[in-house]
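Here's a quick briefing to read alongside the model. Have the fold open as you go through the points.

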Amino acid sequence: MVLGYLLGRAGVDTLVLEKHADFLRDFRGDTVHPSTLRILAQLGLLDDFLKMHHSELRSLAVEIGKQRFKVADFGRLAPPGNFIVLMPQWDFLDFLMQNGRRYPSLKVLMQHEVGGLIEEQESVRGVRGTSPDGDFEVRADLVVACDGRRSTVRAASGLTVQDLGAPIDVLWFRMSKKPTDPGEVLGHLEPGKMMVTIDRDEYWQCAYVIPKGGFPAIEAAGIEAFRAEVVQGAAFFADRAQELKSFDNLKLLSVSLDRLNSWAKPGLLLIGDAAHAMSPVGGVGINLAVQDAVAGANLLTGILKTRAPTLGELAAVERRRMMPVKAIQALQAQIHARVLSPLIHGAPRELKVPFAVKLLNASSWLRRWPAQLLGVGLRPEHVRSPRHEP
């Protein structure tokens with residue numbers, strides 16, 4: 001939707017295809033990072049965006065054992081965007097779609113599921129799929145796959161994927177919220193377990209980290225045992241653990257960490273999770289996907305106004321974005337290997353607080369830098385594509 005908005009805004013005939021009738025998906029990434037807020041400000045959309053119902057996250061803390069440590073302070077970043085917005089992703093997507101309607105060049109078709117690529121003369125010429133009205137084909141100078149880590153287009157493209165490995169999966173669930181609950185998003189670390197609690201105003205969105213493929217064993221132990229694990233991970237849930245009535249209240253996220261060896265072939269470009277699936281560590285996947293979209297619009301808008309991009313011009317998007325992707329994935333892999341895997345696979349023992357965590361807790365100035373990495377990232381993009389007045 002970000003790429004569609006930017007191309008439509010520039011006067012490039014653009015079609016966004018969405019297989020569902022709406023954007024209502026639960027447990028998708030619901031964070032809008034400072035880098036994205038700055039993009040919205042550059043587009044003149046930020047004030048209207050912030051009028052929508054949302055909550056704001058200005059700091060991060062982690063709980064290790066019974067001790068709480070402050071680790072990131074977004075308030076120290078330069079405005080606009082010195083906080084993270086928590087908003088259902090469907091509201092963000094609807095906001096972009098509604099604002100995109102002012103541009104005749106942009107069209108969004110719901111209930112249009114892409115099932116494959118049209119390839120002729122060794123080049124992608126469009127897509128084919130199904131809709132309520134039957135099968136369809138769309139031909140285009142460029143197809144951009146933005147369809148996530150289980151990308152249908154990626155599978156059809158024949159492009160090769162490098163699997164970086166992920167030793168964890170995540171169980172998502174909700175718990176009710178009370179006025180006496182902690183006021184910050186927290187990572188809760190106890191011997192043998194880790195849980196994240198995200199304050200969503202009306203409720204807590206929770207992520208319980210488990211070993212890769214470990215969900216059947218948790219199911220076999222029973223829901224009562226899982227409730228006990230949750231309370232050990234976040235003690236303030238002790239008075240409401242019964243809200244987890246069955247495993248139907250949980251959603252399993254199979255964590256992937258991978259990237260394509262090449263993001264493009266003639267007529268086709270992949271961005272976001274379709275090009276590089278990110279771990280949920282740090283919640284940066286959407287941030288990187290939006291940055292890919294802005295970079296793609298910056299590099300390709302002028303070309304698309306006159307002709308189809310060459311493979312070299314498509315590869316320029318990958319070259320622009322590969323450094324931050326590789327750096328963040330390397331960091332996530334290190335956290336998987338050095339923190340999460342030993343924590344959830346190892347024998348329960350007393351946790352030692354890392355020196356870096358103690359240092360961040362002691363210095364508000366130092367807490368700016370984790371906020372910069374998580375909220376803004378490496379090589380942040382700025383809108384450089386033109387605006388074409390309808």
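How many of the six residues of strand 4 (residues 59–64) are buried? Five of them are, so strand 4 is largely enclosed by the rest of the structure. Buried here means under 20% relative accessible area, with exposed over 50% and partly exposed in between (1.4 Å probe, protein chains only). Helices (H or I, at least four residues) and strands (E, at least two) are DSSP runs, numbered from the N terminus.

This is a predicted model, where local features need pLDDT of at least 70 and side-chain atom pairs count only at pLDDT 80 or more, while totals for chains, interfaces and linings use all residues. Residues are numbered from 1 along each chain as its sequence is written, and side-chain values use heavy atoms, leaving out hydrogens and water.

**Strands 4 and 5**
- Strand 4 runs antiparallel to strand 5 (residues 67–73), joined by six bridges; two strands pair if DSSP finds at least two bridges between them.
- Ala61 has Lys70 in strand 5 as its bridge partner.
- The two strands make a hairpin with two residues between them, and Gly65 in the turn has a positive phi of about 65 degrees.

**The 8-9-10 sheet**
- Three strands make up an open, antiparallel sheet in the order 8-9-10.
- Strand 8 (113–120) and strand 10 (134–139) sit at the edges with a single partner strand each, so one side of each has no neighbour in the sheet.
- Seven bridges pair strand 8 with strand 9 (residues 123–131) in the antiparallel sense, and Glu119 has Val124 in strand 9 as its bridge partner.

**Helix 4**
- Helix 4 (residues 89–100) reaches 16 Å from its first C-alpha to its last, close to the 16 Å expected for its 12 residues (1.5 Å times one less than the number of residues).
- Nine of those 12 residues are buried, so helix 4 is largely enclosed by the rest of the structure; among them are Trp90, Phe92, Phe95 and Met97.
- The cover over its buried residues includes helix 1 (2–9), helix 3 (46–50) and strand 7 (106–109), through contacts (heavy atoms within 4.5 Å).

**Helix 2 against helix 8**
- The axes of helix 2 (residues 34–42) and helix 8 (residues 285–304) come within 9 Å and cross at roughly 35 degrees; axes are lines fitted to C-alpha atoms, for helices over the stretch in contact, with angles from 0 to 180 degrees between N-to-C directions.
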